[in-house]
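Open the model in your viewer and keep the selection tool ready.

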Amino acid sequence: MSRTFVGWPAFPEAAVAATSDEQLRANVTRATGTIRAKRARLVAERPDWEDLRDSAAALKNDVLAHLDSYLLQVEQKVTAAGGAVHWARDAAEANRIVTDLVRATGEREIVKVKSMLTEEIGLDNALEEVGISARETDLAAAIVQLGDDLPSHVVVPALHRNRAEIRDIFVREMGRHGRPAPEGLTDDPPQLAEAARLHMREKFLKAKVAVSGANFLVAETGTAVVVESEGNGRMCLTLADTLISLVGIEKIVPRWQDLEVFLQLLARNATGERMAPYTTTWTGVIPGDGPQTFHLVLVDNGRTRALADEVGRQALRCIRCGACMNICPVYERTGGQAYGSVYPGPIGAILNPLLKGPDDPQTASLPYASSLCGACNDVCPVRIRFTDVLLELRHQVAEGDAKVKHPAEKAALRAVGAVMDHPAAWNAAVRAAGKAGPLVPKNRLPGPLGGWTDSRRTPDIPKESFRAWWKRTEGGSR
Amino acid sequence: MTSARDEILARIRAATADLPADPVEIPRSYLPHAPGIELHDREAVLALFAERLEEYGATVHRAGTADLASALAAALPAGRVVVPEGFPAAWLREWTGEAVPDHPPLPHAELDSLDAVLTTCAAGVADSGTLVLDAGPGQGRRAATLLPDLHVCVVRATQVVSSIPEVMARLDPRRPLTWISGPSATADIEMIRVPGVHGPRRLTVLLVADSS
Ligand code: SF4
């Protein structure tokens with residue numbers, strides 16, 4: 001059974017453990033620093049970047065406001081194109097649908113394209129319980145799976161591992177799941193990639209069933225879209241006889257043409273490339289080309305709960321580019337696993353309580369896993385106002401029906417304080433938030449948010465902007 | 001018993017009851033064309049297309065229709081190459097390797113053992129350095145452009161547009177589309193870009209000027 005985040009400690013505890021792991025912090029700092037630099041260069045290349053963000057946010061707002069009719073449109077189009085559409089209220093129902101579909105094929109080993117949703121619902125374990133082995137084929141997802149580890153980033157789930165650790169995992173584990181790592185494997189990245197290629201190729205050529213997610217689902221046409229780099233996605237989406245795609249109900253874009261907005265934003269913001277090497281789009285079943293059986297599973301699992309939250313619903317605009325975690329000073333110091341979810345960083349801090357409700361110590365602690373510096377607001381391609389949602393969720397934890405109140409808050413703020421224990425970082429963060437709007441009053445937050453400022457001294461507004469500080473200090477590492 | 005479908009739809013309607021029923025207005029002020037390129041400057045569009053593809057590790061050759069056959073002969077390996085139906089046979093007259101048809105469809109293991117795949121494409125996008133294949137004539141099914149290690153693609157200059165917004169209208173979403181921006185690559189190990197993981201490790205593009 002693979003590891004899951006079930007029973008994971010609340011953020012404060014997890015953060016303390018993570019920040020004391022020097023190797024992990026070094027790996028995360030190096031990776032996020034590299035992506036930030038690439039992204040900044042590629043975003044600067046687009047004079048219309050802010051316009052693209054405006055369009056993307058508006059398109060997603062339109063989708064959320066009319067989600068019922070867009071979903072019905074998807075269902076109709078996919079069915080007309082020879083696919084089967086299933087609906088799942090929660091993780092258990094989604095897992096049951098998929099296990100039944102795979103069992104009906106009689107297959108015992110299937111291949112998977114990296115998908116956050118299947119991680120979220122724990123699909124691999126559900127399949128394993130009925131004796132089906134689901135193998136991850138994305139290099140990073142495979143590193144996590146082979147290492148019996150947990151993901152720490154939405155785009156690069158193994159970002160917390162360095163090359164030496166990856167080599168050891170390959171040498172130790174590959175042979176237990178198929179073709180072993182080549183003799184004398186070193187930790188040279190091209191050699192490691194080659195080992196993954198050989199190990200996976202054997203699986204791609206055998207696999208009859210593939211499971212994927214989708215980055216987008218076009219309502220107008222029923223077209224599903226998967227964006228990837230390595231070609232593992234193409235292998236799964238093309239070579240299997242049966243394809244099962246699980247898609248969160250918020251992943252819709254209205255029209256075919258609207259993909260132009262998201263395809264221009266996604267890779268640039270995620271990995272600092274103009275386009276990822278491969279994008280595959282397909283509509284239902286295509287006779288003579290690719291899987292001849294296609295199942296689309298539309299999954300709620302808390303999304304309608306989030307949708308009902310007037311402030312929080314904007315979190316459902318997220319296209320999972322990972323930029324908010326790459327820029328976040330708290331994420332950089334704790335790594336992704338401290339958030340106790342497959343969605344870490346700023347988006348995890350708001351999405352998890354919105355999906356699951358803030359009623360347990362783990363989710364209740366997440367809205368406090370932030371310095372409120374607002375850097376995430378600036379990089380999000382769909383303009384999610386994280387700081388607004390974080391404050392609203394803190395309010396809900398402190399004043400609402402949540403069973404968990406101030407203890408979680410105090411502890412989490414102490415943890416963030418410890419993580420952010422760097423006056424320059426704190427000052428710069430407050431400065432950025434102050435610039436962003438009247439979110440963080442100079443001295444004390446009003447009303448129910450008072451507890452937040454109670455637990456720490458609010459420093460003066462500094463002169464340097466957050467991003468200037470971030471750049472000068474290379475993310476606080478200097 | 002309510003079905004999952006009805007229950008989810010009901011939850012959605014309840015969750016969005018506070019929102020206006022009108023469609024949300026979508027601003028579209030982003031650029032319809034690649035930044036910095038004059039729309040009618042075809043040479044600039046083609047130069048950008050080649051530059052962007054090369055930047056991500058593809059090899060690009062320019063050829064005229066007259067020297068296309070010799071350019072192809074130079075770009076293709078001597079061995080066995082899968083050539084989909086509809087690929088112009090005349091273009092292969094100077095190449096001495098073996099053209100393997102994918103008709104009836106070759107087993108995956110056989111495709112895996114071939115030296116290269118040769119195709120045309122549906123469109124090219126300069127700004128992002130992207131080829132789009134839609135399984136039309138000369139392009140074949142998706143598995144054929146995936147398993148061989150080298151993909152050689154012939155792109156006609158008239159197929160290249162400057163930007164993603166321009167290409168959308170040229171594509172038919174009912175067809176299976178593969179958008180290829182350079183050869184396969186990963187950055188999953190310490191964010192170092194390594195070419196060639198599961199897809200073709202090498203991508204060669206022949207950009208053909210249209211004669212008339
Ligand atoms: S919240 Fe925004 S920045 Fe973060 S992953 Fe989602 S889309 Fe990207």
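Select chain A and chain B together. In this predicted model, 39 residue pairs are in polar contact between chain A and chain B, with both residues at pLDDT 80 or more. Now pick helix 10 of chain A, residues 189-206. Helix 10 gives the most to the side of chain A that touches chain B, with 11 residues. Color that side by class: 42 residues are nonpolar, 22 polar and 29 charged.

Next, look for charge pairs. Between chain A and chain B there are 15 salt bridges. Zoom in on one of them: the side chains of A:Asp258 and B:Arg28 meet at 2.5 Å, N to O.

Step back to the whole interface. Here 93 residues of chain A contact 77 residues of chain B. The two chains bury about 7400 Å² between them, with 58% of it on carbon and sulfur atoms. Select A:Arg89, A:Arg197 and A:Arg274. In chain A these lose the most area to chain B, together 10% of what that side buries.

Move to the ligand. Which residues are around the ligand? Select A:Cys318, A:Ile319, A:Arg320, A:Cys321, A:Gly322, A:Cys324, A:Ile347, A:Cys380, A:Pro381, A:Val382, A:Ile384 and A:Phe386. By class, this shell has 10 nonpolar, 1 polar and 1 charged residues.

Last stop: A:Gln314, in the loop between helix 13 (303-307) and helix 14 (323-327) of chain A. Is A:Gln314 buried or exposed? A:Gln314 counts as buried because its relative accessible area is 13%, and buried means under 20%. Show its contacts: A:Gln314 touches A:Arg383, A:Ile384, A:Arg385 and A:Val389, leaving out residues up to four places away in sequence. A polar atom of the A:Gln314 side chain lies 2.7 Å from the backbone nitrogen of A:Arg385.

Definitions and conventions. Residues numbered from 1 in each chain as written. Chains lettered and ligands numbered in written order. Predicted model: local features only at pLDDT ≥ 70, side-chain atom pairs only at ≥ 80, totals over all residues. Heavy atoms only, no water. Near = heavy atom within 4 Å. Nonpolar A, V, L, I, M, F, W, Y, C, P; charged D, E, K, R; others polar. Helix = DSSP H or I, 4+ residues; strand = E, 2+ residues; numbered from the N terminus. Buried < 20%, exposed > 50% of the residue type's maximum accessible area, 1.4 Å probe, protein only. Polar contact = N/O pair within 3.5 Å; in protein donor to acceptor, adjacent residues only side chain to side chain. Contact = heavy atoms within 4.5 Å. Buried area = accessible area lost by both parts, 1.4 Å probe. Salt bridge = Lys/Arg side-chain N within 4 Å of Asp/Glu carboxyl O.
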